[in-house]
Every structure is written in C-alpha cells, then in structure tokens.
Amino acid sequence: MSEEKFNGFLDGELDEKDLDEVTKREVEMYSEALKVFRMRCDYRPSAKLEEKIMRRFVRPRRILWEIAIGVAAAAAVFYVVFNVPPKRNVEPLVQEAKVVSELFDYLSLVKLVGDGF
Amino acid sequence: MKRTLFSIFVVVVASFALAQSFIELYLNSSYFGRRIVVEKGPTNKSRIEMVYRWPNDKIVHVLDPVFLVWAKHSELFIMGQPNNYRNSPLEILDLEDLFIRQLKERGITKLEKLGNKYKVTVESPSGLFTAFISETGLPEKIIRVFNNVTTELTYEHVEPLKETFEQVAQRYGIKSAEQTINLPSEIKLILGSVNWYTVSRLNVGEEQVLMIIANHKSGSVIKMVCSTREVTVNTEQNEQLLRIRGENYYLYVIAQDQSVLEQVKELLTKER
C-alpha cells in the first residue's frame, strides 16, 4: 500500500483510477471499518439493560448520601443545642445560691433541733 | 426552843444533802428516752425525738418534723443523716443542756419534793427553768419560760442506758472524722452572743443573700446579711452598719445600739 496515495485519495487529491489495486483494497477496508465504528457509536442499549447497569451505581451512592445527610443533620442539632441558646453566665449564680442555701439549711436545722444558746 | 432550832437545822441539812445527791445522780446518769418538745409563743414548734444521754455525750435522733441525728461527743457536735454526717461549727443545745448549764452557773433557786420526784427551779437571764426529776435521777419534764415563749420538754419514757456512746454511734453510722459545715467564723462568734435568731433568704438586686435576725443577750436586735458578692444594704436612721469582707463572702452586721456594735467589733478583734 502506498500511504501517500491512500491519504491523497482520502483528502480528495487523487481519483480512484490513480490508485493501485492494493491501495484500493485498503481504502475499501477503511470505509467498511468506518461504517462498523459508526454503527457502534450509534448503538443505544435497551432501557432494561441501562436500568440494570445504573442501579448498580446509583444504589450505593444513595445510601452514602443518606448517611451523609443524617450525619450533617445530627451535627446541626448538636450545634444548635449546645451553641445557639444564649450563653448566660449562670455557673457563679448557681454556686452563690448553693452557698447561701447551704448556710440557710444548716442554720435552720440548728434552730429546729436546738432550743437556744 | 433549842431543840426546835436543832430539828429545823437537821431537816434543812438533810434536805440539802438529799437534793445534792439526786442532782449528782441526775448529772451523772446515762439514759435512753423518748421525748416531745413543744414551744409555744409567737411561733410554735414541736419535735419528737429519741435521746441517748451520757454524762458528757449525747445522741439525739429527731423523728419529726425532720429525720435527723445529732450528737455531742468530746465537745464536738455532729449532725446529719446516716452516712452523711458533718461537724457542726455551732453548738447544738437542747432544753436539757440549757437547763444543766444554768443549773451549774446559777444554782438551784427553789427545790420542792413532790411524791417520788423533785421540782427544781432555776432563775437565769436565759429564762425561768423548772425541771421535774425523779428520785433515781432521771428527768421527767423540763420547762423554760423566756420572753413570753414557753418551751416544754416532756419525757414519755426514760430508762437507764447500759450501752456506751461508741456502741450507739456505730448503730447510727456516726464517725469521728467528718467534714465541717462552712460557716463564716464571724457569724459563729456573733451567734454565740445571742439568745435566739431567725434565718431567711432574700434577694438584694440579683444577688441571693442570707439574712439573720437575732436577739442579742443585751436585749437589742442585731441583723446580719451574708452574701457571696458585695451588695448595697440599706439601714434605718437609728442603725449602725459594720461591713466585713471574708475570704469569699461579705458580711454586713447591723445593730440598733452603738454599744452592741462595739461589743461585736471587740469580739471579732479578740478572736482574730
């Protein structure tokens, strides 16, 4: 096969009559191969097959999404519960109330069980 | 005449000796008793208790109105509930302890024999005490009248006690090494100079404070406000204020009488 003549024919520079027999056969084979390739490119699988194939990929992906959404929702709830309510400095107040309550309870009990000093 | 005088003298000496012996018996007795305390006055209160008493120690199991045990042992006062006892910085004294204290300090004012028991009267600044004590030295009833308040301690059942303090203390789970209740020392000292007190909680601004109103032994009213933060305490025109800053508390002492406030200052300075 003359590669130069083959490309020249496909580029339209040469006529078929200018080609030798071997190159002509190669051109025919190339044309057949192109037809087959186009056929394969135009091929569309059946809906059933497409669904079967897609299910294999989509199902695990959906589970992953559901887990991801669940984790995100839990994180959001956690954040809201522990961070969003207004932060009040309640600890010292509770401690103060505890000190006063403890003293009050103690003095009340001494007064209750005792009869004076 | 001489014989009559001699007879009177013998009777007086014999009565005195008898009285001494029954008082000694009473002071040195160990007994278990079930008793009721009733206080009548502007406010009424009552208690039902079981008491284990030794000459120097005591365990009282209060059954009503609260379930509580308190004990006096080696000059130490313990109070609480089984497995949760704490040392009490304040003395816990029942009517009997107060009677014995005044009996030792003032002596007997009047003694009467009523059948097989004695009626002992003791007049003191803490009130007029009347006690009924059996010949065997066991108490039956103690009454105190003070400032229109009558307190009656009636023993329903008394029997000699053979168990030791340790045996009864073990039964109640009372241990010697306990935590002490955190009471500002100034409050403890001031309460040692009063006859009685009332205690309440109130809010000054956003701060919860403790308010103690007490009757000083001089008869004057003394108030204390205890807070964990500095607060503004308003006083009446005739009141004097003493501000004390403790380690983690503020104490405001308010007295109507300048001399009482001076006594308080002196007391606190002496103890520091």
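Biologist: Are R35(B) and E49(B) buried or exposed in this predicted model?

Modeller: A residue counts as buried when its relative accessible area is under 20%. Both R35(B) and E49(B) are buried.

Biologist: How do the side chains of R35(B) and E49(B) meet?

Modeller: Side chains of opposite charge can pair when their charged atoms come close. Here the side chains of R35(B) and E49(B) form a salt bridge, at 2.7 Å from N to O. R35(B) belongs to strand β1 (residues 31–40) of chain B and E49(B) to strand β2 of chain B, so this pair ties together parts that are 14 residues apart in sequence.

Biologist: Which residue does E96(B) meet in a salt bridge?

Modeller: The partner of E96(B) is R53(B), at 3.9 Å from N to O. This pair links distant parts of the chain, 43 residues apart: E96(B) is in helix α2 (residues 95–106) of chain B, while R53(B) is in strand β2 of chain B. Both E96(B) and R53(B) are buried.

Biologist: Which residues are linked in a network of salt bridges?

Modeller: The network includes R35(B), E49(B), R53(B) and E96(B), and among its other members are D115(A), R47(B) and D94(B). Over all chains, the count comes to 24 salt bridges.

Biologist: Are K110(B) and E112(B) buried or partly exposed?

Modeller: K110(B) is partly exposed because its relative accessibility is 45%. E112(B) has a relative accessible area of 26% and is therefore partly exposed as well. Their side chains meet in a salt bridge of 3.6 Å, N to O.

Biologist: Let us turn to a helix. Which residues of helix α3 of chain B are buried?

Modeller: In this helix, residues 165–172, the buried residues are F165(B), V168(B), A169(B) and Y172(B). They lie on the same side of α3(B), because they cover an arc of only 100 degrees around the axis.

Biologist: What covers the buried residues of α3(B)?

Modeller: The cover includes strands of chain B: β2 (45–53), β3 (58–64), β4 (68–73) and β6 (84–87). After α3(B) comes G173(B), with a positive phi near 70 degrees.

Biologist: Finally, which residues make a nonpolar surface patch?

Modeller: Y43(A), L49(A), I53(A), M54(A), F57(A) and V58(A) make a patch of about 530 Å². One of these, F57(A), is placed in helix α3 (residues 47–83) of chain A. F57(A) counts as exposed because its relative accessibility is 52%, and the cut-off for exposed is over 50%.

Key. Residues are numbered from 1 along each chain as its sequence is written. Chains are lettered from A and ligands numbered from 1 in the order in which they are written. This is a predicted model: local features need pLDDT of at least 70, side-chain atom pairs count only at pLDDT 80 or more; totals for chains, interfaces and linings use all residues. Side-chain values use heavy atoms; hydrogens and water are left out. Patches are made of residues with over 30% relative accessible area and no salt bridge: like charges are joined within 9 Å, nonpolar side chains (Val, Leu, Ile, Met, Phe, Trp, Tyr) within 5 Å. Accessible areas come from the Shrake-Rupley method with a 1.4 Å probe; for residues, only the protein chains shown count as cover. A salt bridge is a side-chain nitrogen of Lys or Arg within 4 Å of a carboxyl oxygen of Asp or Glu. Helices (H or I, at least four residues) and strands (E, at least two) are DSSP runs, numbered from the N terminus. Buried means under 20% relative accessible area, exposed over 50%, partly exposed in between (1.4 Å probe, protein chains only). The arc is that of the directions from the helix axis to the C-beta atoms. Contact means heavy atoms within 4.5 Å.
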